[in-house]
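Subject: Structure for your review

Dear colleague,

Please find below the structure I am handing over to you, together with its sequence. My findings follow directly after it.

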Amino acid sequence: MTSSADAVVIGGGILGVSTAHFLAKLGYGSIVLLEKKTLAAVSTGHSAAAIRTFYSNPLTIRLARRAVEMFSNANEELGGDCGFNQVGYMTLLSQADLEAGKQVIEMERQAGIRVEELTKADVHERLPMVDLENVDCAILEPDSGYVDPVKTTRTMASSVKEMGLDVFEGVGATGIRLKNGHVDAVDTEEGTIQTSVVVNAAGGWGGQVGSWVGLKYSLRWSREVDIVLEVPFETSAFPWLSDPQIRFYTRQEGPRQLLVGLGFPKEIEPLDIENYDQNLDDSTRERIETCLRRRIPSSEGSKLVRGWASMYTITDDWHPLVGPEEQISGYYACVAGNGHCFKLGPPIGESLAHMIAGKPPPADLNQLRPGRFAEGEYFKSVWGSGNRA
Ligand SMILES: Cc1cc2nc3c(=O)[nH]c(=O)nc-3n(C[C@H](O)[C@H](O)[C@H](O)COP(=O)(O)OP(=O)(O)OC[C@H]3O[C@@H](n4cnc5c(N)ncnc54)[C@H](O)[C@@H]3O)c2cc1C
């Protein structure tokens, strides 16, 4: 274990790895990334990894647009191929969703994103197996899609090894030392690293890491399940399909395979992050399959290939906490991905790394500052109350 570094990043999910990746690319010096399990072992590696821009506030749309750009040029932007399948992202809209949907389209177009408005007949032509009951129209983002989350994380970490990043898997951080209000060192299971910069990217454990320097983050956790089914129809032309009425999403996973999960707006299924069931349970499986059968009746008789449970780490407005904490110089939060931060990880990491290095960030992340709730500032959604971002 090295005894000093220019920056220490705690957490080897997409948020920590992205921040470390861009710090290294900026020539920040020696960067140590500590991951107590293995890279992408928790939320990141279990993500459905949608790369889409269908959000209802300008900052998230801007970051998501940058994500599409980064994944489209992954060799140059992220250090290698991340397995981007640009299958498109289609959201089905009911009459009740039309007004809010139009606001989203307008915001996306203002951000320069290609968006197509599809009639019911267009959707039927593309996806004849989908029952369009209560669907008025759909929105298609042709440039969106999904990637391989583990490959992305490992690629982003390994590609900057020569630029100063040292990754330690199986080594947890155990404390942060301060000197006169400045970060001075990080304690680990294998010794102490002197450093003046620490990034808290510990995901579900972000509150614990923050508490080492006296910070309190209000976080909740929800168990989240995805399943992969072998379906009785061809899926090669299947886009990402989001259905806010029946509240599920699905996308192709392989030939005649769909990945399916419960979609926004969501209920929370609270969990103990140290001890929760990471296996697929029968009742959630049944719920997911019922949603799919309602929209795609011919999925009846599908065979389960696999399924898993992982977690969302959730803030009070379902957006992450990113940025410095005024009272602790050298400390930066990059915590709580909620359901969106696989895709937002690389663009957030890029801008946070610029902030740490004292360079103008490509995106102004001030709206994500960790202290926003104390100032009464919360992200709002055009979908009204609820957690649809
Ligand atoms: C089922 C599911 C589907 C999802 N689908 C999507 C999607 O389609 N699109 C999307 O954008 N997002 C999606 N998400 C959300 C996305 O995966 C998360 O927002 C994102 O992965 C969060 O990344 P993270 O780096 O904050 O957390 P994590 O990946 O959990 O990483 C945090 C890491 O910190 C490590 N750690 C904690 N404490 C310490 C310590 N003391 N020392 C060292 N290491 C420590 C942990 O071991 C962990 O590996 C999904 C999530 C789930 C669960």
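In this predicted model, the shell around the ligand draws on both domains, with at least three residues coming from each of domain 1 (7-46 + 150-218 + 317-372) and domain 2 (86-145 + 220-314). The protein chain is divided into these two domains, and their centres, taken over C-alpha atoms, are 30 Å apart. Domain 1 gives 13 residues to the contact and domain 2 gives 13 residues.

The ligand is surrounded by 38 residues, the closest being Glu35, Thr44, Ala50, Ala173 and Lys343.

A backbone N or O atom of His340 is 3.0 Å from a ligand oxygen atom. For Leu15, a polar backbone atom is 3.1 Å from an oxygen atom of the ligand, and for Ala49 a backbone N or O atom is 3.2 Å from a ligand oxygen. On its own the ligand has 1,000 Å² of accessible area, and the protein covers 98% of this. Two or more residues of the shell come from each of α1 (14-25), β2 (31-35), β13 (220-230), β17 (303-314) and α9 (341-356).

Ala49 also deserves attention for its backbone geometry. Most residues other than glycine have a negative phi, and most peptide bonds are trans. Ala49, which is not a glycine, has a positive phi of about 60°. Ala49 is placed in the loop between β2 and β3 (50-51), and it counts as buried because its relative accessibility is 2%, under the 20% limit.

Arg256 is likewise not a glycine and has a positive phi, of about 55°. This residue is found in the loop between β15 (248-254) and β16. With a relative accessible area of 37%, Arg256 is partly exposed.

As to the peptide bonds, the one joining Phe264 and Pro265 is cis, with omega at about -5°. Pro265 belongs to the loop between β16 (257-262) and α8 (282-295).

Two residues of the loop between α6 (149-158) and β8 (165-169) were also examined, Met163 and Gly164. Met163 is partly exposed, at 40% relative accessibility. Leaving aside neighbours within four places in sequence, Met163 is in contact with Ala24, Lys25 and Gly29. Its C-alpha atom is separated by 47 Å from that of Asp97, which is 66 residues away along the chain.

Gly164 is partly exposed as well, with a relative accessible area of 24%. Not counting residues up to four places away in sequence, Gly164 touches Gly29, Ser30 and Ile31.

Finally, Thr195 is located in the loop between β11 (191-194) and β12 (198-200). Is Thr195 buried or exposed? Its relative accessible area is 5%, so it is buried. Beyond its neighbours within four places in sequence, Thr195 is in contact with Ala5, Asp6, Ala7 and Val8, and also with Val183, Asp184, Ala185 and Val186.

With kind regards

Note on methods: Residues numbered from 1 in each chain as written. Predicted model: local features only at pLDDT ≥ 70, side-chain atom pairs only at ≥ 80, totals over all residues. Heavy atoms only, no water. Helix = DSSP H or I, 4+ residues; strand = E, 2+ residues; numbered from the N terminus. Buried < 20%, exposed > 50% of the residue type's maximum accessible area, 1.4 Å probe, protein only. Contact = heavy atoms within 4.5 Å. Near = heavy atom within 4 Å. Polar contact = N/O pair within 3.5 Å; in protein donor to acceptor, adjacent residues only side chain to side chain. Areas by Shrake-Rupley, 256 points an atom, 1.4 Å probe, with all protein chains shown as cover. Domains from an automatic or database assignment.
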